[in-house]
Amino acid sequence: MLREFKEFAMRGNVIDMAIGILIGAAFGKIISSFVNDILMPPIGLLVGRVDFSSLFIDLSGNAHPTLAAAKAAGAATINYGVFLNTVLDFLIVAFAIFLLIRQINRMTREPEAAPVAPNTKTCQYCLYSVPLQATRCAYCTSAI
């Protein structure tokens, strides 16, 4: 059983998948940083100096000035600002993957085959197909 597991784990596809997952995780961290540190501050400034990661609804009924204070008090909160950041992360990653797959498909797309020259012609008398080199129709024996 250990030998079979080793063979499975050392297959090229499994190793390629593991490398893809690791690169994807690193790419996800880069995108999260891009969204949280570069993209959301200007958007927050445009909509009235709002920090999206601090937007929350306090379900406990108490007024807490920040999300950190609400969490420290143990209050139940709906963190919709963090959710918005996560959705934006996903959309950016999905769009980047779409562009990557689109380019890969464009590069690997097989060229369309050139049309094949016909190797038969139609007899003008009986309308059957006969080879191009034929001088008489095999069906009606007329000269072509």
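What follows is a short talk about a histidine, an aromatic pair and a surface patch.

Tutor: Keep in mind that this is a predicted model, where local features need pLDDT of at least 70, side-chain atom pairs count only at pLDDT 80 or more, and totals for chains, interfaces and linings use all residues. Residues are numbered from 1 along each chain as its sequence is written, and side-chain values use heavy atoms, leaving out hydrogens and water.

Student: Where does His-64 lie?
Tutor: His-64 is in the loop between β1 (57-58) and α3 (67-72); helices (H or I, at least four residues) and strands (E, at least two) are DSSP runs, numbered from the N terminus. Counting heavy atoms within 4.5 Å as contact, and skipping residues up to four places away in sequence, His-64 touches Phe-56, Asp-58, Ala-69, Ala-70, Ala-73 and Ala-75.

Student: How do I read aromatic pairs?
Tutor: A pair of aromatic rings is described by the distance of the centres and the angle of the planes. Rings of Phe, Tyr and Trp (its six-membered ring) pair if their centres lie within 6.5 Å; planes under 30 degrees apart count as stacked, over 60 as edge-to-face and the rest as tilted. The structure holds 2 such pairs. Tyr-128 and Tyr-139 are stacked, because their ring centres are 4.2 Å apart and their planes at 25°. Tyr-128 sits in the loop between β3 (120-122) and β4 (129-131), and Tyr-139 in the segment after β4, 11 residues apart.

Student: Which helix gives the most to the nonpolar patch?
Tutor: That's α4 (residues 80-108), with 6 residues.

Conventions:
Patch = residues over 30% accessible without salt bridge, like charges linked within 9 Å, V, L, I, M, F, W, Y side chains within 5 Å. Areas by Shrake-Rupley, 256 points an atom, 1.4 Å probe, with all protein chains shown as cover. Salt bridge = Lys/Arg side-chain N within 4 Å of Asp/Glu carboxyl O.
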